[in-house]
Amino acid sequence: MAAPASTSASAARRGLPRRLSVNTAMTVVLCLVTAGVVALLLWILGYVAGQGLKYLGPMFLTHTPPGDPSQAGGGFANGIVGSLVIVGIATGLSVPVGIAAAVHMVEYRGRLARACGFLTDVLIGLPSIVTGAFVYALWVAHFGFSGLAGAVALGLIMLPLVIRATAEVLRLVPVELREASLALGVSRARTVMSIVLPTARSGIVTGVMLAVARAMGETAPLLLTALGNDLFLETNPTRRMSTLSLQIFSNAITGFATAQARAWAGTLTLVVIVLVLSVGARLISRRGIVRSAR
């Protein structure tokens, strides 16, 4: 009986150098790929920063563009305000619905929950221009272009991201917490509100912030809904509004160097906003992990 065991052990020892060499080779490949991705990201950020810093300044953040795109000066204050207003409304529309749908999918399940999960997967893969066309047909064709229509389009884009992120975080909440609450006679709804959601709060906030970062950079659906308002600072969402992404697009496609310089400065501003949101999401997620470990 000892012979087969010794044979298998010797075979394993003979195969060890090959496994070690394969492991080393794959580790080197993964390190090279990671270094290449990081280098590409740094190159893009460095190039955008180099171009944007030539024009970015206090005036850019407080002034609107000049009436003549060939003129120098001006800024994207209306686009910054418009982005904050439209994305803020979209967040208010999508987050409550997304969290409620995720709670139903994870905590209550059933046929409706499975249908919701399927529709969420479909919406995640839907091109944003299709969402814009949908809102255009149902809203803009009847009520006209407005920031509110753009917020509805961005809300539809954010909704599946919020649902998926919240559902994944809720599944990580230990079952023992739910069972302990139910064993004390607490209702399922109260358990979800008082135990499950507070436990998953950091992950939910992370998912929401990533969805907001995605919405900040959207352009295609806003071309069909908000349309833009390049010359005036507009805060009324029932009227046409401009956003950073729309102003970057409209200035970049012109043949004027001054307008393209403003587009680079707007690009840098948008990148900084998205980076701040992404870093904030990571910090909140890490803080939640540290608290759970304690």
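1. The side chains of E234 and R239 meet in a salt bridge with an N to O distance of 3.9 Å, a salt bridge being a side-chain nitrogen of Lys or Arg within 4 Å of a carboxyl oxygen of Asp or Glu. E234 is buried, with a relative accessible area of 15%, where buried means under 20% relative accessible area, exposed over 50% and partly exposed in between, with a 1.4 Å probe and protein chains only.

2. As a caution on reading such details, this is a predicted model, in which local features need pLDDT of at least 70 and side-chain atom pairs count only at pLDDT 80 or more, while totals for chains, interfaces and linings use all residues. Residues are numbered from 1 along each chain as its sequence is written, and side-chain values use heavy atoms, with hydrogens and water left out.

3. The structure holds five salt bridges, and one of them joins E107 to R178, with the closest N and O atoms 2.8 Å apart. This pair links distant parts of the chain, since E107 sits in helix α3 and R178 in helix α7 (residues 175-183), 71 residues apart; helices here are DSSP runs (H or I, at least four residues), numbered from the N terminus. Both E107 and R178 are buried.

4. R164 and D121 also form a salt bridge through their side chains, at 2.5 Å from N to O. R164 lies in helix α6 and D121 in helix α4 (residues 111-124), so the pair ties together parts that are 43 residues apart in sequence. D121 is partly exposed, with a relative accessible area of 45%.

5. The largest nonpolar core has 42 residues, of which I86, I99, L154, L170, L197 and V212 touch the most other members; such a core is a set of buried Ala, Val, Leu, Ile, Met, Phe, Trp, Tyr and Cys residues joined through side-chain atoms within 4.5 Å. Helix α3 gives the most to this core, with nine residues. A second, separate core of six residues includes A101, M105, C116 and L159.

6. T269 is found in helix α12 (residues 257-293) and is buried, with a relative accessible area of 10%. Leaving aside neighbours within four places in sequence, T269 is in contact (heavy atoms within 4.5 Å) with L56, F60, L61, I80 and L244.

7. I44, in helix α1 (residues 2-52), is partly exposed, with a relative accessible area of 40%.

Notes. Helices (H or I, at least four residues) and strands (E, at least two) are DSSP runs, numbered from the N terminus.
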